[in-house]
Amino acid sequence: MQPSMFNVRVPLEARDEVFLMNTLTDAQLVVSRDVVSLLDRFTGREPGREIEWGAFDRAEREAVDLLFDNGFIVADRKADQRRLDKYFTAVKNDNSELHVTVLTTLQCNFACDYCFQGDHGDHNKFAEKMTLETAAKVGDWIEREMDKVHPERFTLMFFGGEPLLNLPVMYYLAERMWGASGSRGVPMSITVITNGLMLTPEVVDRLAPYGLNGFKITLDGDRDAHNRMRPLRGGQGTFDRIIENIRKVAGRTKIAIGGNFDESSVDSYPALLEFLREQEFADKLLNVNFKPVVRTEAARPKGVLPLVPVGANGQPLKPLGGTCMTNVGEAGASGCDSCAFLDDKMEFLRKETKRHGFRTSDGVHNGPCHIHHTHAQTIGPDGSLYACPGFTGEKGLSTGHIDGRLDASRESARQNFDRLHPWKECKDCAFIPTCAGGCLVASHTQLGDMNMPTCHKPSFESAVISLAHDVSSAA
Ligand code: SF4
Ligand code: SF4
């Protein structure tokens, strides 16, 4: 027997205790140092040199049983590996939820500083927009999936581009899927990821009867930082209008705030949090979460040295092909020296968010993200299927089509995504069950290899320290 490789421990100096967590079982214990010493007695045991149980008194045996039952002690390393394989198979085949993200359009009315989509150049002129005819086929496909997967619940997420630029498709799918899920007895919910500029009470009221769960709106820092990062094409700011829109709808639906930060905007977030706390809708905000920006060569700001991701063939890699950068790469950041800086700042922002009274992610339970779930699918405006929203628009990475068409390229992409296991490069990292090797969009754009992890371990390490203090103070 030996300690599990997924154990994480955080000393709680003030209490002379230790927080123990097993990331695979998600067991969390606050224990005395004696228990940790007991656990250490299992370290370095080689096969054949088993523990002498006679050396343990009754209390120690009970503690060992507790540690074993919660996965902190395992038979051997192979047992840990078997449990990990079983866990990822269960994640992959999990049918408790059918989660479908529909990109109603790749057009956008913003010209974000870090995104090469949106109202830059002539992007919107050529960007795809879903037709009602395609939406009807999307409805057919979702119904077939419901009958195949038999999920316990169905989540429909609208994303883009800016999804509110295609309201007819949103309304059609919301209404149709509500009927389809209702007739199958499957609870349905709708979430919309939007820049918030066109969010009105009318939009909320139109979606409300169909299981509307809420809107996620992006604010990239305080007024000045946001207006710089997320302007309209002519440079006009968007902050005031978004806040006004939130004010109008906050009593009617849930609102979550998301934000993308980089070195230039991170210090403005405390001012944003202060501003939000003072608003009369503060208690209506569901949660507030921030993440680092994924910058690509095409989106780099003027005056910054280019960091061009290069593939194995030495050719520059393409930046992300279609989706809004707002929500891509939840664990991603640029592949440059700023990564460590951003990891530090994640922790700073989590603490600030909590200090201002808002709920936020604990930074440990981040995944495995949707790309590892077979029954989480993304549909592009033309009906192409993708493994996650981050790959939308790169037709070569489409894994299928709602009309069932099979071609060699999609089949090969599907098989590639099916085989992905970047965590196998992570050796004995204790965070594999929650991280799974990081954001594969970041691996693709920055490393040119989706089977290579993009690692933000320092971010997990600092997050688990915060979690330990939160858990122990609540105990
Ligand atoms: S790979 Fe995962 S974390 Fe990255 S964009 Fe896709 S779903 Fe999000
Ligand atoms: S990417 Fe880093 S933090 Fe994530 S599992 Fe791999 S080694 Fe651990």
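Reply: The questions that follow concern the sheets, the helices, the cores and the shell around a ligand. This is a predicted model, in which local features need pLDDT of at least 70 and side-chain atom pairs count only at pLDDT 80 or more, while totals for chains, interfaces and linings use all residues. Residues are numbered from 1 along each chain as its sequence is written, and chains are lettered from A and ligands numbered from 1 in the order in which they are written.

Me: How do you know that β8 and β9 pair?

Reply: Strands are DSSP runs of E of at least two residues, and helices are runs of H or I of at least four, both numbered from the N terminus. Two strands pair if DSSP finds at least two bridges between them. Strand β8 (residues 188–194) and strand β9 (residues 212–218) are joined by five bridges and run parallel; therefore they meet the definition of a pair. Within β9, L212 is the residue opposite I190.

Me: What makes β11 and β14 edge strands?

Reply: They belong to an open sheet of nine strands with mixed pairing, ordered β11-β10-β9-β8-β7-β6-β12-β13-β14. Since β11 (285–292) and β14 (400–401) each have a single partner strand, one side of each is left without a neighbour in the sheet.

Me: How is β12 joined to β6 and β13?

Reply: β6 and β12 run parallel and share four bridges, with H99 opposite A376. β12 and strand β13 (residues 384–386) are antiparallel, with two bridges, and L385 is the bridge partner of I379. Four residues lie between the strands of this hairpin, where G383 takes a positive phi near 95°.

Me: Why are both faces of β12 called covered?

Reply: A residue is buried if 20 or more other C-beta atoms lie within 10 Å of its own, exposed if 12 or fewer, and partly exposed in between, with C-beta atoms placed from the backbone. A376 and T378 on one side of β12, and Q377 and I379 on the other, are all buried.

Me: Which strands does helix α5 lie across?

Reply: Helix α5 (residues 132–149) lies across β6 (97–103), β7 (153–159) and β12 (376–379), at about 165° to β6. Such angles run from 0 to 180 degrees between N-to-C directions, along axes fitted to C-alpha atoms, for helices over the stretch in contact.

Me: What makes a set of residues a nonpolar core?

Reply: The set consists of buried Ala, Val, Leu, Ile, Met, Phe, Trp, Tyr and Cys residues joined through C-beta atoms within 7 Å. The largest has 57 residues, and V102, V138, L156 and L173 have the most contacts inside it. A second, separate core of 27 residues includes L20, V64, V74 and L467.

Me: How is the sheet of three strands arranged?

Reply: This open sheet has the order β2-β3-β4 and antiparallel pairing. Its edge strands, β2 (7–12) and β4 (27–32), each pair on one side only. Strand β3 (residues 17–22) and β4 share six bridges, and F19 has V30 as its bridge partner in β4.

Me: Which residues are around ligand 2, and how do they divide?

Reply: The residues are W423, C426, C429, F431, I432, C435, G437, G438, P453, C455, K457 and F460; to be near, a residue needs its C-beta atom, placed from the backbone, within 6 Å. They divide into nine nonpolar, two polar and one charged. Here Ala, Val, Leu, Ile, Met, Phe, Trp, Tyr, Cys and Pro count as nonpolar, Asp, Glu, Lys and Arg as charged, and the others, Gly among them, as polar.

Note on methods:
Two residues are in contact if their C-beta atoms, placed from the backbone, lie within 7 Å.
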